[in-house]
Amino acid sequence: MKDFQLLHLYKAVFLTFAILLLNQPGQSQEIQEMKITGSFDKTPLPEFINSLKQNYGIRFFYKEEWVKSAEITGTFKDVPLIQALNQAFKGKDLNFKFFQGNSVIIYPGNVDGRSETGSDKSQVLVIGDPVNQGRYQRAKLHGRVFDGKTGEPLAGAVIYVPETKVGVATNSKGRYSIEMPTGEMHLKVSFLSFEDQVQKIELIQDGNADFDLFEETHKIGEVTVVGENSKASKAQMSMIKMSAVTIKELPVLMGEADLIKSMVMMPGVQSVGEMSSGFNVRGGNTDQNLVLLDGSPVFNTTHLFGFLSMINPDAIEDVTLYKGGIPASYGERISSVMDVQLKDGSDKNLRMNGGIGLINSRLTLEGPFVKKKKSTFMLGGRSTYSDWLLQQTKNPTFMNSVAHFYDLNGTANFELGPKNHLKLTGYLSGDVFNLNTSTLYNYGNTLGSLNWKLNISEKVVSNLSMAYSKYNVKVDQHDPVLTENNYLLKSNIQYGSLKYALSLFPNDKHRINAGFQAISYWIKPGQISPAQTISNVISSSLRHEQSAEMALFANDDLSLTEKLTLNLGVRYTNYLDYGPGMVYQYAAGVSRSRSSIIDSTSYKSGANIKSYQGLEPRLALKYNLEDGGSIRLSYQRIHQFVSQISNTTVITPSDYWKSADQNLAPLVNDQIALGFFKNPANAPFETSVEIYYKKLQNILDYKNGAQILMNQYIESDLLQAKGYAYGLEVYAKKNSGRLTGWVSYTYSRAFQKAAGQYSDEKINGGAFYPSVYDKPHDLSAVMNYKISRRWRFSGDFVYSTGRPITLPEQKYNYGAYQVVVFSDRNKYRMPDYNRLDVSITLDENLRKKRMWKGSWTFSIYNFYGRKNPYSVFYQKGSSIQDSSQNSYNLYTFSIIGVPVPSITYNFKF
């Protein structure tokens, strides 16, 4: 008992001595910010302290019995001393204080008999120089949040201040910035499936604080908050943001995580059809979506005719889809913008991850170029062995087919200085496909981009980007019987862009972004040549097209009051179609056709053939309600100067691109949207309801019997229609607990009208008719259930109304010919679509020290074997009663009509 009392007396004397020392004047802020470097693996705490004494001249005061049993494991690279000590003492009953400029005093956490609310063992983190205490009313805290196990930045981690009920989220680089009153506060740092960290701070002035989070036993809720560093406006609506974690948890075909198939589970986004990676947004065509890969546009997002998306899921950092309220810095497409950001690469150490599936495998390697440097790289690739699998089947259709692809992607990131960042991105893909036919498709993408970000000051940020994209298509017709009809058809489109933006942050309520963009298009719509010497095919080539697009843009994100936020922007676009080229003149008073051509005009290289220009206003308004609710309004106008020429609903590789010219005006879209959003802080549910209306001009449509391929007079077979679309989107999501997921429902309609002056320019008599993408009802449900620490179950269900189609209604004989009479365009519909997918996953081992970690996923696509029609057609057949009697019957064709099981092994090292 006496020894126990002496111990407490000793502690009291020690604490009194410490407090006296702490009250002496000094420069504690200097030692707190001292940069520490070193690697420690189960190092005794006294040894760690001695290394700091010897290497940095720091003096420590403590009683040895308090620290002798403690150990530290961690790697520090230019880490502030206060952060290193916080990590060293994490989970230990120890505290520390700085004093006299170069000294630290260590004492037990309960030496004074008190504990701090919300964080019993947490050290108070002082931000700023104590000399300035009381000088500032408010200050900004910024920093990064990392995965404490891997060192990777955590995008979407939430930093929440309970005292002010304000929270922000980290951006794709794990960075955050939050403004709050000075004084003592608590920071709650959280992320999906990670342990919360509560840190008590004393904020004196602007400063920095980084945090490491570690995985927890059970999932916590995933909260999406738009932070100050986010590219999105505070008033942004009609936006979908997904992390790589969310995408990978969805069960998809053959166990391969798929970016676009994940997006079509969200409201307002619909699938083109079975086996297609294309998507439609709010009734728009597939070519009306701008898909950007680190700033470079992707002209075909498909592998194997839609079997898989062309983007390696392991390389994705995050993806943002704008359905409406598109910022003024974006243009080029009228329906949506999907901005895909690739990973920078780990700056901690070399890492490898990948997966082995039934049809393809993938591998990604990332790390720093040089140890202890912040410049990083990431390399990834995928390839398939589906050809081998097709040969193992006993089905003649598949045995005589060819299907393989590859894609390679890479990024290189250079820290040219603390505020100077350069990123290079490259992508290359190739596909070869043939489904038991005489036609072999060969197509691929080549992309490259450069992004340079310079923080000129705390309030001025400069962004310069250059992008290049090329899409090549080659169609090889090789009939072994009719060899004289074999041919080789080629087409491609090239794209180049230079974009510069300057972001200004006058204060926390005001954000300005302005800049310019210059774009060039080079299109080779078609070149055909005979495949052999003796041939019926005549070599020919369509006119090459060259065009340029210039844009100036500016927008201002302004917090008018605590409840009202306004984003006002404008984009001015000027488009030029230039030579060399030839334009045909058609006779007046008759419909355009080859026979009505009366003259032509030839243009020299660089000559102005046709120009268009227009203003594109953008508006977004947000009004905050009580309890986390808000009402938002947006308006946008966008021009589109290039379109895809296709007479099929599902985009195929042989479709080609066409730029606006004298005969074809650019597409124009005006859209207005209104929504209600409910996302209370720390609540398990979030909901939203949006309604929208779109008015469309100059939509491309086709005359009956239009010839698409190798048509030198394509404008004579094209129509420009008017259209409109409207819809209601409902979304509900559960963020926390063992059971998470969402339900989305969309009711939408899309109509268009081609009412030209002449009869062949009128579709359905010039009346409005349903667009081919008019699918009124669309329902998606996604569920993830955490069975245990490592086992989880996932499932998704989709239902949609069948898309409109045109079918033959009558037939009659005209001399030696049989004539089929078709219905009005899009009069009928395909059968409704529905599908259930399920998967079960054994996640990686939770041991932190294990270097190789793997997970297994078993999934079943189309669980109950629904035979969803891919197409509907009539076929002539013999009558059962009378073999001489012919009749036409209606048939449906399904690509996947059975459950498709798959197993995938994913690994990381």
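Predicted model: local features only at pLDDT ≥ 70, side-chain atom pairs only at ≥ 80, totals over all residues.
The protein chain holds 9 helices and 57 strands. Of its 909 residues, 52% are buried. The accessible surface of the chain amounts to about 41100 Å², and carbon and sulfur atoms account for 56% of this area. When contacts between residues at least 6 apart in sequence are considered, 66% of them join residues at least 24 apart. One of the helices, α5, spans residues 81-88 and is mostly covered, with 7 of its 8 residues buried. The buried positions in α5 are Leu81, Ile82, Gln83, Ala84, Leu85, Asn86 and Ala88.

Across the whole structure, 26 salt bridges were found. One of these joins the side chains of Asp294 and Lys423, with an N to O distance of 3.1 Å.

Arg362 sits in strand β25 (residues 360-368) and Asp314 in the loop between β21 (308-309) and β22 (316-322), so the pair ties together parts that lie 48 residues apart in sequence. Both Arg362 and Asp314 are buried.

In the salt bridge between Lys827 and Glu809, the closest N and O atoms are 3.0 Å apart. Lys827 is located in the loop between β51 (817-822) and β52 (828-829) and Glu809 in strand β50 (residues 808-814); the two residues are 18 apart, and the pair links distant parts of the chain. Glu809 is partly exposed, with a relative accessibility of 37%. Elsewhere, Arg282, Lys323, Glu690 and Glu729 are linked in a network of salt bridges.

Glu616 lies in strand β38 (residues 608-624). With a relative accessible area of 1%, Glu616 is buried. Apart from residues up to four places away in sequence, Glu616 touches Gly569, Val570, Arg571, Thr573, Arg637, Ile638 and His639. The C-alpha atom of Glu616 is 8.9 Å from that of Gly331, although the two residues are 285 residues apart along the chain.

Ile672 is found in strand β42 (residues 667-678). Its relative accessible area is 42%, and Ile672 is therefore partly exposed. Neighbours within four places in sequence aside, Ile672 is in contact with Leu633, Ser634, Tyr635, Ile691, Tyr692 and Tyr693. Between the C-alpha atoms of Ile672 and Arg637 the separation is 9.1 Å, and these residues are 35 residues apart along the chain. Arg637 is also one of the residues touched by Glu616.

Ser386 belongs to helix α8 (residues 386-392). This serine is buried, with a relative accessible area of 8%. Beyond its neighbours within four places in sequence, Ser386 makes contact with Leu304, Ile359, Ala403 and His404. For the pair Ser386 and Ala403, the C-alpha to C-alpha distance is 6.2 Å, and the separation in sequence is 17 residues.

How values were computed. Residues numbered from 1 in each chain as written. Heavy atoms only, no water. Helix = DSSP H or I, 4+ residues; strand = E, 2+ residues; numbered from the N terminus. Buried < 20%, exposed > 50% of the residue type's maximum accessible area, 1.4 Å probe, protein only. Contact = heavy atoms within 4.5 Å. Areas by Shrake-Rupley, 256 points an atom, 1.4 Å probe, with all protein chains shown as cover. Salt bridge = Lys/Arg side-chain N within 4 Å of Asp/Glu carboxyl O.
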